[in-house]
Amino acid sequence: MADDTRRPRVLDVLAAEQAWEVPEAWLDRVRRQLKAWADDPDQLRPLRAEAFPDFVKGTPAAVWFAHQVAPQLAGWIPVLHGEYADISAHLTRDFYRPSARFSGGGHVVWAGTTEWHLQAIAGARGFREHGRRQALQLSRNVVSLFTDAPPMAARARALTAAFDRVLADRQAIHLHTAGEYDEIASFWRNDALKDSERAVLPELGGTTAALRYSVNSLRDSHARLLMTVPDEYAGDFAQLMAELILATGLRGIPQSVAKILGSANVDLEKALSDLHTRFDLHVWLGHTTQWLARAVRHGQPVLARAWAAAATRVSVHLSGVLTKSPWPEPEIPDLTALFRLLDRERWSALEAEAATASQQTSLSAAWDTVRDDAEHRTDEATREGQGGNLDEPLPKPVDFSEDPLAELDSLIGLESVKDSVRRMVAEVKTNLRRKELGLPSHERARHMVFVGKPGTAKTTIARLLSRIYKQLGVLEKGHVVEVDRSDLVGSSVGTTAPMTAAKFREALGGVLFVDEAYTLVPENTPGDYGLEAVATILKLMEDHRNDCIVIVAGYHREMQRFMESNTGLASRFPKLLSFSEYDTDQLVAIFELQARQKGMIYGDDVLDKVRGVIPPAPRGHNFGNGRFIRNVLEEAISNQATRLSERNPDSLTERDLRELLPIDVKPPTSMRAADYLLQKPGT
């Protein structure tokens, strides 16, 4: 990504057609108005100072109400994303003092009541007539602040108009200043809104109206998306509702939904019966993410956004979140993956505009733009276009045997790890120069702790470090001896120390890489022979201080327990490298890179399929990351061979032999993605 490409700070409402770049002038204007209300001693304030928790003492009701209604004006059960996802906190920053605050870039789903617009009026029930009239007026004034904010404008204008009619009607004013709250709420549900206003504020008609709107909007958006972007896995609306019901943990049709669907319940009951025993939540989430990705890539982001917003609303209803039940877990649908797609498309367009280059809207092209220069050195020609083509020669294997640092740079992701390795290299080079000049060096122990999930390149980095240190003259051989508990711990007294010492001697001149080191000190097992292995390693590390580097690796939490198990461990392993698991885009990029290096060609539809077999985040404790993707590619090539074996060998062309098709891509039989998702995360 070009460093000078400015990424605007946005409020991205999922149900809107596009993200809104929030003008600083608009923010300043709203904040000035809130401050003016705060400075006005006649403004309505709560009778009790603690009535507005997390707000500074003396905050007027208008400021608090602005904080409450800002997200609700973006839609019923809105999904907000971007730097201004917590728009309320940004607007009321001079008054709002929460113990924790949402930090930009992520997304938040708001699930309020259907009477959110009456919160100030409800709060003023204990006031006299004048105070209740103030609550009515401030409700109108606060809502009108948002009539020129695109994501909120339509709803804000409709609600402002309704408040204006109430304030112009003596009988309605009397109801709000003297009537019971239940009467006021009933008035707003049944009489306050015009039909055109009710169309954009459907939830104000009550819970049944809100649910009806949510179901109907999903029916409409599903039909439009399915018609525009057909999908082999997406069925009709009855199937979709059945999938959402099962995804939220239900086994039957809720009575409230059945009442709205009417005769359509017959189709839904049949769909539920068909899906009941074979529905797999994580596979379904993967398919929907793939479908939405294809819609975005094929120029239909508005349809994808509308579908995801509608599906989110229905999942919130079905999960019972509005009645204080837990949120669905995992999130339904996978909004994190969708916003990542939308962000990359938006950022790619901004970069293309800044560079006056031709716009490329595919996700694959967007990913190519953010790869660093080092990755291009691995074979720039193989990264042009969509998955290579037959006009290009087969890519030659890149020879990194003499340049391990270049190989390090070529790895996808791992930016913090790469930075740590470069710092280590800089330390060594600086100390070598100090020695040349007769200056004292500042040597530190080079033993390390690697923490991260499987397949995050821990072993790869260990091998590269060994080669780098050999080039720098720190290690004599630069090899790696990989061991685990079975290589170090014996089955009887007196066998562990010799086994451990033998492996350590084998690693002299290189790196001893102890995988799953925490298994050497199992929990609640005093006297385990693994403790002797640890003690032996620590002694040999002292005896051969400069002859061997020891790297212990494993999961975050388990390695923390390991390091705390022996007081000598922390001081002897001063460096910790944390390996983050790859996100979906990086996993797809790894597939692309490895496929091209193997001379394979493919299209966007293959990448869509790859994305579909990658489990959605959060992934299970044992998910294989890069190892999983390598197996996906190997399985795809094997499936391609099986497919081609049914044809006459003489008829096979070069394209046939190099081209992967979507049908070739399946979850690897040796490492089914669903298996990992049954594991409880432990990091």
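## Helix α20 and its surroundings

Contact is taken here to mean heavy atoms within 4.5 Å. By this criterion, in what is a predicted model, the buried residues of helix α20 pack against α19 (404-410), β5 (448-452), α21 (458-471) and β9 (575-579). The residues concerned are Val-417, Lys-418, Val-421, Met-424, Val-425, Val-428 and Asn-431. Viewed along the axis of α20, these buried residues fall within an arc of 155°, so they line one face of the helix.

Just after α20, Gly-438 adopts a positive phi of about 75°.

## The five-stranded sheet

Strands β5 and β9, which pack against α20, also belong to an open sheet of five strands. The strand order is β6-β7-β8-β5-β9, and the pairing is parallel. At the edges stand β6 (480-483) and β9; each has a single partner strand, so one side of each lacks a neighbour in the sheet. On average, neighbouring strands are turned by 20° against each other, direction ignored.

The pairing of β5 with β8 (residues 549-554) is parallel and is made by four bridges. Within this pair, Phe-450 has Ala-553 of β8 as its bridge partner.

## Helices packed on the sheet

Helix α21, one of the elements that the buried residues of α20 pack against, lies across β5, β6, β7 (511-514), β8 and β9. The direction of α21 is at about 155° to β5.

Helix α25 (residues 556-564) also packs on the sheet, where it touches β5, β8 and β9. The angle between the directions of α25 and β5 is about 150°.

## Nonpolar cores

The largest nonpolar core contains 64 residues. Trp-26, Phe-146 and Trp-188 have the most contacts inside this core. Helix α2 (residues 61-72) supplies the largest share of it, eight residues.

The surroundings of Trp-188 can be described in detail. With neighbours within four places in sequence left aside, Trp-188 is in contact with His-117, Leu-118, Leu-159, Ala-162, Phe-163, Val-166, His-176, Leu-193, Arg-198 and Leu-204.

Note on methods
Residues numbered from 1 in each chain as written. Predicted model: local features only at pLDDT ≥ 70, side-chain atom pairs only at ≥ 80, totals over all residues. Heavy atoms only, no water. Buried < 20%, exposed > 50% of the residue type's maximum accessible area, 1.4 Å probe, protein only. Helix = DSSP H or I, 4+ residues; strand = E, 2+ residues; numbered from the N terminus. Arc of directions from axis to C-beta. Core = buried A, V, L, I, M, F, W, Y, C linked by side-chain atoms within 4.5 Å. Pairing = 2+ DSSP bridges. Axes fitted to C-alpha atoms, helices over the stretch in contact; angles between N-to-C directions.
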